[in-house]
Amino acid sequence: MKEKIKAFLFDLDGVIVDTAKYHYLAWKRLAAELGFDFSEEHNERLKGVSRMRSLEILLEVGNIKLPHDEMERLAAKKNDWYVEYIKQLRPDEILPGVQRFLDETRSRNIKTAIGSASKNTPLILERLNISGYFDAIIDGTKVSKAKPDPEVFLKGAEELGIKPEECIVFEDAQAGIEAAKNGNMYCVAVGSPENLTGADYLIPGFKTMTVDTILHNVTKAIL
Ligand code: BG6
Ligand code: MG
């Protein structure tokens with residue numbers, strides 16, 4: 001008999017809001033300052049990846065090696081630009097169907113948490129006016145190990161007081177899917193099957209998604 005699902009854990013960037021385009025603008029600007037082009041295809045490699053690791057990948061693309069303190073300075077500079085974009089975020093940028101899905105989740109008494117690598121999580125949730133939807137918020141300031149390590153989701157489950165096997169994680173990045181599975185949780189991939197493997201169920205987004213559809217397809221059991 002499968003466990004009953006008691007909590008949904010959501011990745012933030014790419015699941016609740018499309019911040020990738022703002023990360024991209026800021027990284028592209030940094031690459032331009034360093035004298036090379038950074039394409040949208042390159043940017044795909046940064047999804048779900050920490051700020052410092054993203055910079056390492058960007059510098060690999062530009063074939064540039066820099067000392068650590070200079071990297072710290074550039075990462076901070078990129079973040080300042082990114083924060084300027086994020087400050088302009090509006091509630092209508094929540095991805096289609098997400099707010100309705102969160103409302104339904106709450107009305108079904110399923111606990112909710114955010115599990116994100118982003119240190120800008122509180123600002124983003126505040127700009128979207130959805131902080132109150134989450135019983136726990138675990139972000140990049142609270143973890144020491146990046147996805148695919150399960151730390152971010154295990155901490156979320158712990159804060160909610162729910163066992164990992166009673167949780168469903170929603171993720172748009174391959175490293176995030178692996179983090180959920182490494183943490184012994186169910187995982188719903190949000191995106192397209194060409195880029196994402198290993199999840200229990202895949203959805204293109206939340207537009208027409210209901211809690212029952214998720215529970216039924218993920219656990220193939222309890223309704
Ligand atoms: C993840 C994003 O959620 O957060 C990555 O998918 C980003 O692209 C990472 O690099 C860290 O975000 P931040 O806001 O702390 O720079
Ligand atoms: Mg993501």
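Let's start at strands S4 and S5, which run parallel and are joined by four bridges. If you want one pair to look for on the screen, take Phe 170, whose bridge partner in S5 is Val 188. Please keep in mind as we go that this is a predicted model.

Now stay with S4 for a moment. How many of its five residues are buried? Five of the five are, so to speak, under cover: S4 is mostly covered. Look at the two faces of S4 in turn. On one side you find Cys 167, Val 169 and Glu 171, on the other Ile 168 and Phe 170, and all of these are buried.

On to strand S1. Four bridges join S1 to S4, and these two strands run parallel. Ala 7 stands opposite Cys 167 in S4, and Leu 9 has Val 169 as its bridge partner in S4. S1 also has a link to strand S2, residues 111–115: again four bridges, again parallel. Here Leu 9 stands opposite Ala 113 in S2.

Which way do the residues of S1 point? Ala 7 and Leu 9 point one way, Phe 8 and Phe 10 point the other way, and all of them are buried.

Let's zoom out to the sheet. It is an open sheet of six strands, with parallel pairing, in the order S3-S2-S1-S4-S5-S6. Which strands are at the edges? They are strand S3, residues 136–138, and strand S6, residues 201–203, each of which pairs on one side only. On average, neighbouring strands of this sheet are turned by 20° against each other, if we ignore direction. For those new to sheets, strands pair through backbone hydrogen bonds, either parallel or antiparallel.

Next, find helix H7, residues 151–160. H7 lies across S1, S2, S3 and S4, and runs at about 160° to S3. In the loop between S3 and H7 sits Pro 148. The peptide bond leading from Lys 147 to Pro 148 is cis, with omega near 15°.

Now for the nonpolar residues. In soluble globular proteins, nonpolar side chains tend to be buried together. The largest nonpolar core here has 51 residues, and the ones that touch the most other members are Phe 8, Phe 10, Ile 16, Ile 168, Phe 170, Phe 206 and Ile 214.

Let me pick out Phe 8. Setting aside its neighbours within four places in sequence, Phe 8 is in contact with several residues, among them Phe 101, Thr 105, Ile 110, Ile 168, Phe 170, Val 211 and Leu 215.

Next comes the magnesium ion, ligand 2. Which residues coordinate the magnesium ion? Asp 11 (OD), Asp 13 (O) and Asp 172 (OD) do, at 2.0 to 2.1 Å. Asp 11 and Asp 172 link distant parts of the chain, 161 residues apart. Asp 11 is in the loop between S1 and helix H1, while Asp 172 is in the loop between S4 and helix H8. Both Asp 11 and Asp 172 are buried.

Asn 43 is in helix H2, residues 40–44. Is Asn 43 buried or exposed? Asn 43 has a relative accessible area of 7%, so it counts as buried. Beyond its neighbours within four places in sequence, Asn 43 is in contact with Ala 20, Tyr 24, Trp 27 and Phe 38.

Then there is Asn 63, in the loop between helix H3 and helix H4. Asn 63 has a positive phi of about 55°, although it is not a glycine. With a relative accessible area of 73%, Asn 63 is exposed.

Finally, Asn 184 is found in the loop between H8 and strand S5. The phi of Asn 184 is near 65°, a positive value in a residue other than glycine. Asn 184 is exposed, with a relative accessible area of 51%.

Terms used: Residues are numbered from 1 along each chain as its sequence is written. Chains are lettered from A and ligands numbered from 1 in the order in which they are written. This is a predicted model: local features need pLDDT of at least 70, side-chain atom pairs count only at pLDDT 80 or more; totals for chains, interfaces and linings use all residues. Side-chain values use heavy atoms; hydrogens and water are left out. Donors are N, O and S atoms within 2.8 Å of the metal (3.2 Å for Na, K and Ca); water is not among the atoms, so sites may look incomplete. Buried means under 20% relative accessible area, exposed over 50%, partly exposed in between (1.4 Å probe, protein chains only). Contact means heavy atoms within 4.5 Å. A nonpolar core is a set of buried Ala, Val, Leu, Ile, Met, Phe, Trp, Tyr and Cys residues joined through side-chain atoms within 4.5 Å. Two strands pair if DSSP finds at least two bridges between them. Axes are lines fitted to C-alpha atoms, for helices over the stretch in contact, and angles run from 0 to 180 degrees between N-to-C directions.
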